[in-house]
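Let's take a walk through this model together, starting with the whole chain and ending at single residues. Keep the structure open beside you as you read.

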Amino acid sequence: MNRNKPIAIACTVVIVAGIPQLVLGMLFWAGIGRGLIPVHETIGSVLVLSLLTLAILAARAGAPVGLVVLVIVWALVLPFVGIGQTDILVGSLHWIIQAIHLLLGLGAMGMASVLAARVPRQVPVGS
């Protein structure tokens with residue numbers, strides 16, 4: 001198996017999980033579908049675990065350490081903001097924490113792509 005294939009799979013899972021997250025998040029922001037919050041949390045867990053897996057695989061494959069650390073910290077911050085957002089900036093300013101959570105989610109998807117792209121390519125044996 002190509003060494004970069006698990007990295008590509010983890011990156012794809014982050015992005016594929018992120019798409020319904022964005023849709024659900026926008027529905028929640030509009031006050032629709034609050035009963036689906038457990039689904040959002042479950043998919044979010046898959047996204048975060050995939051992002052952490054990607055970071056570990058990328059680190060082992062020689063990706064830049066600073067980027068790997070940034071992705072790990074990002075992956076750990078994202079669920080804390082998501083789960084804790086109901087208690088942060090309650091009232092008319094709550095949209096700010098919602099926007100931050102949205103940006104963190106978009107950033108997670110983008111960083112997954114950047115990190116996967118920064119993994120050194122495999123050099124064929126005998127080259």
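Among contacts in the chain between residues at least 6 apart in sequence, 71% join residues at least 24 apart, where contact means heavy atoms within 4.5 Å. Before going further, a word on the ground rules. This is a predicted model, with local features needing pLDDT of at least 70 and side-chain atom pairs counting only at pLDDT 80 or more, while totals for chains, interfaces and linings use all residues. Residues are numbered from 1 along each chain as its sequence is written, and side-chain values use heavy atoms, with hydrogens and water left out.

What is the chain built from? It has four helices and zero strands, and its elements run α-α-α-α from the N terminus on. Helices here are DSSP runs (H or I, at least four residues), strands are runs of E of at least two, and both are numbered from the N terminus. Along the principal axes, the C-alpha atoms fill a box of roughly 65 × 25 × 15 Å. Of the 127 residues, 35% are buried; buried means under 20% relative accessible area, exposed means over 50%, and partly exposed is in between (1.4 Å probe, protein chains only). The accessible surface comes to about 7400 Å², and 74% of that belongs to carbon and sulfur atoms. Those areas come from the Shrake-Rupley method with a 1.4 Å probe, and for residues only the protein chains shown count as cover.

Now for the inside. The largest nonpolar core has 28 residues, and Leu 51, Leu 54, Val 71 and Leu 115 have the most contacts inside it. A nonpolar core is a set of buried Ala, Val, Leu, Ile, Met, Phe, Trp, Tyr and Cys residues joined through side-chain atoms within 4.5 Å. Helices α1, α2 (37-60), α3 (65-84) and α4 (94-117) each supply at least two residues of this core. Leaving out residues up to four places away in sequence, Leu 51 touches Val 14, Val 71, Ala 75, Ala 108 and Ala 112.

Beyond four places in sequence, His 40 touches Gln 21, Leu 24, Gly 25, Phe 28 and His 101. After α2 comes Gly 62, whose phi is positive, near 100°.

His 101 turns up again with Gln 85, which is in contact with His 94, Ile 97, Gln 98 and His 101, neighbours within four places aside. Gln 85 lies in the loop between α3 and α4 and is buried, with a relative accessible area of 14%.

Finally, the outside. Met 26, Trp 29, Ile 88, Leu 89, Leu 93 and Trp 95 form a nonpolar surface patch with about 550 Å² of accessible area together. Met 26 sits in helix α1 (residues 5-29) and is partly exposed, at 39% relative accessible area. Like charges are joined within 9 Å, and nonpolar side chains (Val, Leu, Ile, Met, Phe, Trp, Tyr) within 5 Å.

Conventions:
Patches are made of residues with over 30% relative accessible area and no salt bridge: like charges are joined within 9 Å, nonpolar side chains (Val, Leu, Ile, Met, Phe, Trp, Tyr) within 5 Å. A salt bridge is a side-chain nitrogen of Lys or Arg within 4 Å of a carboxyl oxygen of Asp or Glu.
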